[in-house]
Amino acid sequence: MAVTKTIPVTAAVREETAEKPPNRFRQAFPQYAAISPFFILFAVFGAFPILFSIWISFHSWDGIGAMKFVGFEQYSYLLGDPKFWQAIGNTMIIWVLSTVPMLLLALVIANALHNATRFRTFYRIAYFIPNVTSVVAVTLVFGSIFSNNFGLLNAFLQSIGLGKVEWLTQPWGIKIAIATIVTWRWVGYNAIIFLAGLQAISADVYEAAKVDGASPRQTFWRITVPMLRPVILFTAVTSTIGGLQIFTESRVLFGDTNNIGGPGDAGMTIVSYLYQSAFIKNQFGYGAAIGWALFILIVLFSIINWRLIGGNDSERLTSRAKRRADRKIAVQKGAAK
Amino acid sequence: MTPAERLRTTVGHVVLMLGVAVSLFPFYWMVVMASNTTPDIFAYPPKLLIGSHLFENMGKVLDNVDFFGSMLLTLIASVSVTVLVLFFDSLAAFAFAKYEFPGRNFLFGLLLATFMIPAQLSLVPQFVTLAEFGWIGSLKALIIPGAANAFGIFWMRQYAKGAIPDELISAAKVDGAGFFRQYLTVGLPVLRPGLAFLGIFTFINVWNDYLWPLIVMTDPNRLTLQVALDQLNGIYGTDYSMVMAGALMSVIPLIGVFLIGARSFIADLAAGAMKF
């Protein structure tokens, strides 16, 4: 240890004496000052709370009274809590119901946008507007469309001779309603990202495929989709992280009722359960533990996504991704020192 | 164009137009509901056209909640966060992109690592921390924790790297300008288009945020627009047309801000995603 340490120190000293400035740290003071606001804010409102939340999660605490140390009890309770597992199940179902149609539709729209030569700006803005509109307002509109008795959707179903569906009381109806809102808000966003990916594919590749007599379908599946992999990975990871954190749609549709997330808790997501535990029932320790469970889930799913779409065959990684990976390893090595 | 190609183009536009209709219909429906009376909406078959009760419904919103108070509060929070983020993020990005200093790569790696942390993880402890500071219910809780962020610094750094020529910085140094002066005279003017994107992005996010203000703005007389709208629905949920008038009023200013810079905003967002 001592041996390995002396070498970089002497090297650094030599470097310092070679350059004239007396102290590189002092000289870089303005740069440190420039980047400090982020690091100070992160320390106070990010790093400290996260460490603190580990501490909180080992306690039973209502946020006001004394904290009572309970060890791993919050976590062991969490693992046996049927409501927690229900929240995970609901979140997963809503996530699949929204992400799959969302990414498929986005791919179709991006492809059509890529080929369209007219009205391009109009299309992009029209597709993007849902994403910048507040979730609360959007959920109120969709809540009325899905309304059991007076909703537009049921009026439509009745007018074509089908019966009403109790969208906002049936377990599946609730999940479909929430998934529809999520899909509607994010299809356009993902289409724009896919479009950027499509535009980055060189025209020569398509030219070559045309010369070889490839059909449009072959071109799409054999060229477009494989070359879009990094972009698909980006959208998959962001949709997963977003999907695991769904909250507002369910909260605005059903309010702070005893069953958070509607009848039978059918729309209760992980974040709904966290919110209810911590901020309605004042179980801060339990809320903190749910937060950690959510964090682990997000990391887990990001790794799965990476493996499924981006991973295992390294030669498919773009040079940029490779460079980033190298940089990450270098950073980790630096941190290990 | 061969007939087959022409057909494909036409089919493409039909698909796109259908998508646009789905994308925009909820806005139309919001206006329909906000401009009719609640009994008209609840009738079968429902009214599908824009009615004449819009101002009456808007008036009811103003009678029942402090709409403009909430809007002002939300506006102050959104503008403050946006201004602070633009300043702190661009300043940090300028330093990261254009200067060598000890520990730079390590610090930047640390900054990237903070991306991985979901906001909900720190929800409980952040609330407790702000409660210790006595900031719960105050605008500080909405503004200060978000005054600088990793995403913005990362994004602006990518932008600054390509956009600011090193020669300009050297020239400013020769003229005896210090770091901050170099930022003001060389950095900021070049970064302006990047700042436009980050500004709109930040403003929209703060304006639309719901979970955080729901938790920290505990004073019922000082609610942000989104929370006030949700509350309007919670209390007067059966009066659909009034709630929809409120939703419409809350959405219009933001769509206005978005449309001003929509074209380059969308392009910048897509370009940013490609850099990840």
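Student: Leaving aside its neighbours within four places in sequence, which residues is B:Met242 in contact with?

Tutor: Good place to start, and keep in mind that we are looking at a predicted model. B:Met242 sits in helix α13 of chain B, which covers residues 240-275. Once the neighbours within four places in sequence are set aside, the contacts of B:Met242 are B:Asn57, B:Lys60, B:Val61 and B:Tyr236.

Student: Is B:Met242 buried or exposed?

Tutor: Count the other C-beta atoms within 10 Å of B:Met242, and you get 27. A residue needs 20 or more of them to pass as buried. B:Met242 is therefore buried.

Student: How far apart in space are B:Met242 and B:Asn36?

Tutor: In sequence, 206 residues separate B:Met242 from B:Asn36. In space we go from C-alpha to C-alpha, and the distance between the two is 9.3 Å.

Student: And how far apart in space are B:Pro165 and B:Ser250?

Tutor: B:Pro165 belongs to the loop between α8 and α9 of chain B. That residue is exposed, with 12 other C-beta atoms within 10 Å. B:Pro165 and B:Ser250 are 85 residues apart in sequence, and their C-alpha atoms are separated in space by 42 Å.

Student: How is α7(A) placed relative to α1(B)?

Tutor: Here the two helices come from two chains: α7 (residues 135-145) of chain A and α1 (residues 3-34) of chain B. Their axes lie 10 Å apart, at an angle of about 75 degrees. Angles of 65 to 115 degrees count as roughly perpendicular. So α7(A) is, relative to α1(B), roughly perpendicular.

Student: Which residues of α1(B) make that contact with α7(A)?

Tutor: From α7(A) come A:Val138, A:Val141, A:Phe142, A:Ser144 and A:Ile145. By class, the contact of α7(A) with α1(B) holds eight nonpolar residues, one polar and no charged. The partners on α1(B) are B:Pro26, B:Trp29, B:Met30 and B:Met33.

Student: How many residues of the side of chain A that touches chain B come from helix α3 of chain A?

Tutor: Chain A gives 80 residues to the contact, and chain B gives 80 residues too. On the chain A side, 60 are nonpolar, 18 polar and two charged. Helix α3 (residues 29-57) of chain A supplies the largest share, which is 17 residues.

Student: What percentage of the residues of chain A count as buried?

Tutor: Chain A has 16 helices and two strands. Among its contacts with a separation of 6 or more, 68% join residues 24 or more positions apart. Of the 337 residues in chain A, the part that counts as buried is 39%.

Student: Is A:Asp265 buried or exposed?

Tutor: A:Asp265 has a positive phi of about 55 degrees, although it is not a glycine. It is found in the loop between α13 and α14 of chain A. With 23 other C-beta atoms within 10 Å, A:Asp265 is buried.

Student: Where is A:Phe119 found?

Tutor: A:Phe119 also has a positive phi, near 60 degrees, and it is a residue other than glycine. It is partly exposed, with 14 other C-beta atoms within 10 Å. Its place is in chain A, in the loop between α5 and α6.

Student: How far apart are the end C-alpha atoms of residues 242-266 of chain B?

Tutor: An unreviewed UniProt entry places the feature "transmembrane region" at several spans of chain B, among them residues 242-266. In the model, this span is 100% helix and 0% strand. The end C-alpha atoms of residues 242-266 are separated by 33 Å.

Technical notes:
Residues are numbered from 1 along each chain as its sequence is written. Chains are lettered from A and ligands numbered from 1 in the order in which they are written. This is a predicted model: local features need pLDDT of at least 70, side-chain atom pairs count only at pLDDT 80 or more; totals for chains, interfaces and linings use all residues. Two residues are in contact if their C-beta atoms, placed from the backbone, lie within 7 Å. Helices (H or I, at least four residues) and strands (E, at least two) are DSSP runs, numbered from the N terminus. Ala, Val, Leu, Ile, Met, Phe, Trp, Tyr, Cys and Pro count as nonpolar, Asp, Glu, Lys and Arg as charged, and the others, Gly among them, as polar. Axes are lines fitted to C-alpha atoms, for helices over the stretch in contact, and angles run from 0 to 180 degrees between N-to-C directions. Angles under 35 degrees count as roughly parallel, over 145 as roughly antiparallel, 65 to 115 as roughly perpendicular and the rest as oblique. UniProt positions are given in the numbering used here, feature names are shortened, and annotations may be inferred rather than shown by experiment.
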